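Please take a look at the sequence and the model below. A short tour of the fold follows.

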Amino acid sequence: MTAAEPAPDSPLGPEPGPEPFGARLRRAMDARGQLCVGIDPHGSLLTDWGLNDDVAGLERFSLTVVEALAGSVAVLKPQSAFFERFGSRGVAVLERTVAAARQAGALVLMDAKRGDVGSTMAAYAAAYLDQDAPLFCDAVTVSPFLGFGSLRPALDAARISGAGVFVLALTSNPEGPEVQRAIADDGRSVAQVVLDHIAAENAGAEPLGSVGAVIGATLGEAGADLAVNGPLLAPGIGAQGATPAGLPRVFGDAAPNVLPSVSRDVLRHGPDPVALRNAAAAYAEEVRTAITGARAKHRNGAGDGENTVR
Ligand SMILES: O=C(O)c1cc(=O)[nH]c(=O)n1[C@@H]1O[C@H](COP(=O)(O)O)[C@@H](O)[C@H]1O
């Protein structure tokens with residue numbers, strides 16, 4: 001029995017669990033727009049902001065982004081690597097960044113891309129998806145390339161704590177296809193196998209499942225069935241060359257569930273909080289225009305549909 005289930009003989013029925021991540025994300029995207037801003041404290045950005053590339057600079061940078069954006073952007077996505085490079089003091093800054101962002105009303109997606117054998121995956125789940133953990137987040141990115149089943153401890157922990165899990169499927173980097181487009185024994189691509197597992201996890205969830213897929217906005221077209229009933233994190237906008245206008249072509253009918261993500265192309269506007277906020281708001285508006293425009297076109301019978309090819 002998991003912590004979310006009632007005792008079989010309980011006269012009280014099930015305790016209401018925490019609200020699932022998918023429902024919280026849907027509400028946040030409806031209220032704030034479909035946009036995730038990455039907190040990626042590159043050394044070069046710290047320098048451009050007039051900060052030292054040290055722990056104090058890291059903290060100033062990260063908390064400035066939180067202060068500027070956590071009240072208006074649906075999701076903030078700290079990239080763990082940029083904090084880990086400073087060792088335990090960097091991780092302490094990451095803890096404070098996550099806490100401040102959640103406190104200010106943003107959902108926090110930890111970009112950690114963890115993946116390991118199931119027994120070790122349980123420890124990663126304990127690190128990010130247990131409500132009592134110092135680094136507890138609303139969601140975390142994970143890698144399925146040790147087999148989707150190896151992610152089970154994270155999927156179970158997320159369900160119990162009302163958190164989300166974003167599974168890499170078709171990443172934005174040019175090296176991804178050699179693994180992700182490889183064809184499995186049954187004729188599906190590896191990415192499609194991952195997507196089908198995600199769809200099974202999200203079956204019946206309303207308004208949106210809590211297991212997401214990572215699909216690069218850079219792909220041009222997905223070439224996979226993206227109907228997973230879950231959020232689709234779409235990194236690669238801005239510095240990697242993708243644009244909000246290109247989203248309908250990649251995501252087709254799944255566009256309402258897309259969470260486009262931008263890091264450097266928003267962060268470069270700092271340290272002025274107003275400039276950061278304006279840059280994020282401009283992206284959120286571009287996304288809204290692209291997605292509502294594509295829906296209107298679809299209603300008039302000219303939908304894209306490229307995303308449904310297997
Ligand atoms: O999981 C991710 O967020 C991710 C997946 C992916 O396929 N491509 C990708 O760029 N990312 C992350 O998204 C961010 C992109 O940053 P920018 O290129 O500066 O917008 C980085 O933190 C990447 O690690």
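In which strand does K113 lie? K113 belongs to strand β3, residues 107-114; strands (E, at least two residues) and helices (H or I, at least four) are DSSP runs, numbered from the N terminus. Before going further, please note that this is a predicted model, in which local features need pLDDT of at least 70, side-chain atom pairs count only at pLDDT 80 or more, and totals for chains, interfaces and linings use all residues. Residues are numbered from 1 along each chain as its sequence is written.

**Backbone details**

Most residues other than glycine have a negative phi, and most peptide bonds are trans. K113 is not a glycine, yet it has a positive phi of about 45°. Two cis peptide bonds are worth a visit too. One runs from E206 to P207, with omega near 0°, and P207 sits in the loop between α9 and β6. Another joins G270 to P271, with omega near 10°; P271 is placed in the loop between α11 (264-267) and α12 (273-299).

**The barrel**

Eight strands form a closed barrel in the order β1-β2-β3-β4-β5-β6-β7-β8, with parallel pairing; two strands pair if DSSP finds at least two bridges between them. On average, and with direction ignored, neighbouring strands of this sheet are turned by 30° against each other. Strand β4 (residues 139-142) pairs with strand β5 (residues 164-170) in the parallel sense over four bridges, and T141 stands opposite F166 in β5. Across β5 and β6 (211-215) lies helix α9 (residues 190-201), which runs at about 155° to β5.

**Helix packing**

Two packed helices are described by the angle between their axes and the distance between the axes. Here, axes are lines fitted to C-alpha atoms, for helices over the stretch in contact, and angles run from 0 to 180 degrees between N-to-C directions.

| Helix pair | Angle | Axis distance |
|---|---|---|
| α3 (residues 55-69) and α5 (residues 87-103) | about 15° | 10 Å |
| α6 (residues 118-128) and α7 (residues 152-161) | about 30° | 7 Å |

The crossing of α3 and α5 is right-handed, meaning that the near helix is turned clockwise from the far one by less than a right angle. Their contact (C-beta atoms, placed from the backbone, within 7 Å) involves V55, L58, E59, S62, L63 and V66 of α3 and R89, G90, V93, T97, A100 and A101 of α5. Seven nonpolar, three polar and two charged residues make up the contact of α3 with α5. In these classes Ala, Val, Leu, Ile, Met, Phe, Trp, Tyr, Cys and Pro are nonpolar, Asp, Glu, Lys and Arg charged, and the others, Gly among them, polar.

Helices α6 and α7 are likewise roughly parallel to each other, with a right-handed crossing. G118, M121, A122, Y124 and A125 of α6 meet R152, P153, A154 and A157 of α7, a contact of seven nonpolar, one polar and one charged residues.

Notes. Two residues are in contact if their C-beta atoms, placed from the backbone, lie within 7 Å. Angles under 35 degrees count as roughly parallel, over 145 as roughly antiparallel, 65 to 115 as roughly perpendicular and the rest as oblique.
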